[in-house]
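Reader: Could you walk me through this one? I'd like to begin with the aromatic residues and then move on to the chain as a whole.

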Amino acid sequence: NILQNRSTKKPPAYQWQDLALNVIRELSIPNFKRAATFKVCKEKNEAIIKQALIDTKELCRDGEKWKYFFKVLGPKNNKK
């Protein structure tokens, strides 16, 4: 009975998934941009994602931070 009442949440299978969930939570990324967040976290280097997250937090004081985050990671900054 105790085992049935306990809900187990599976951890992410890959480290990039955990990183994406962290970015989504910290920047309040809306549901329609979640897939794009997972995609950039999978395709780009973890250090690049973390630096973009830090830059976004420091430089974007008002407005929608997630838009700034994607702008930083845009095609002009397309490094792996």
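Author: In this predicted model, one aromatic cluster is formed by Phe32, Trp66, Phe69 and Phe70.

Reader: What is the geometry between Phe32 and Trp66?

Author: The rings of Phe32 and Trp66 make an edge-to-face pair, with 5.7 Å from centre to centre and 90° between the planes. This pair links distant parts of the chain, since Phe32 lies in the loop between α2 and α3 while Trp66 belongs to helix α5, residues 65-72, and the two are 34 residues apart.

Reader: And are those two buried or exposed?

Author: Phe32 is exposed, its relative accessible area being 63%, whereas Trp66 counts as buried because its relative accessibility is 9%, and the cut-off for buried is under 20%.

Reader: Ok, what sits over the ring of Phe70?

Author: That is the charged end of Lys33, which is placed 5.4 Å from the centre of the Phe70 ring.

Reader: Stepping back, how many aromatic pairs does a search of the whole structure find?

Author: The search finds five aromatic pairs. One of them joins Trp16 and Phe38, whose ring centres are 6.5 Å apart and whose planes stand at 80°, so this pair is edge-to-face. Trp16 is in helix α2 and Phe38 in helix α3, 22 residues apart, so that pair too links distant parts of the chain.

Reader: How accessible are Trp16 and Phe38?

Author: Trp16 counts as partly exposed at 23% relative accessibility, and Phe38, at 21%, also counts as partly exposed.

Reader: Changing topic, which residue has a positive phi although it is not a glycine?

Author: That is Ser28, with a phi of about 55°. Most residues other than glycine have a negative phi. Ser28 is placed in the loop between α2 (15-27) and α3 (34-43), and with a relative accessible area of 56% Ser28 is exposed.

Reader: What about the overall make-up, how many helices and strands are there?

Author: The protein chain has five helices and zero strands, and read along the sequence the pattern is α-α-α-α-α.

Reader: How much of the chain is buried, and what does the surface consist of?

Author: Of the 80 residues in the protein chain, 25% are buried. The chain exposes about 6300 Å², and carbon and sulfur atoms supply 50% of that area.

Reader: Last one: what share of the contacts joins residues at least 24 apart?

Author: Among contacts between residues at least 6 apart in sequence, 57% join residues at least 24 apart.

Key:
Residues are numbered from 1 along each chain as its sequence is written. This is a predicted model: local features need pLDDT of at least 70, side-chain atom pairs count only at pLDDT 80 or more; totals for chains, interfaces and linings use all residues. Side-chain values use heavy atoms; hydrogens and water are left out. Helices (H or I, at least four residues) and strands (E, at least two) are DSSP runs, numbered from the N terminus. Buried means under 20% relative accessible area, exposed over 50%, partly exposed in between (1.4 Å probe, protein chains only). Contact means heavy atoms within 4.5 Å. Accessible areas come from the Shrake-Rupley method with a 1.4 Å probe; for residues, only the protein chains shown count as cover. Rings of Phe, Tyr and Trp (its six-membered ring) pair if their centres lie within 6.5 Å; planes under 30 degrees apart count as stacked, over 60 as edge-to-face and the rest as tilted. A charge sits over a ring if NZ of Lys or CZ of Arg is within 6 Å of the ring centre and within 35 degrees of the ring normal.
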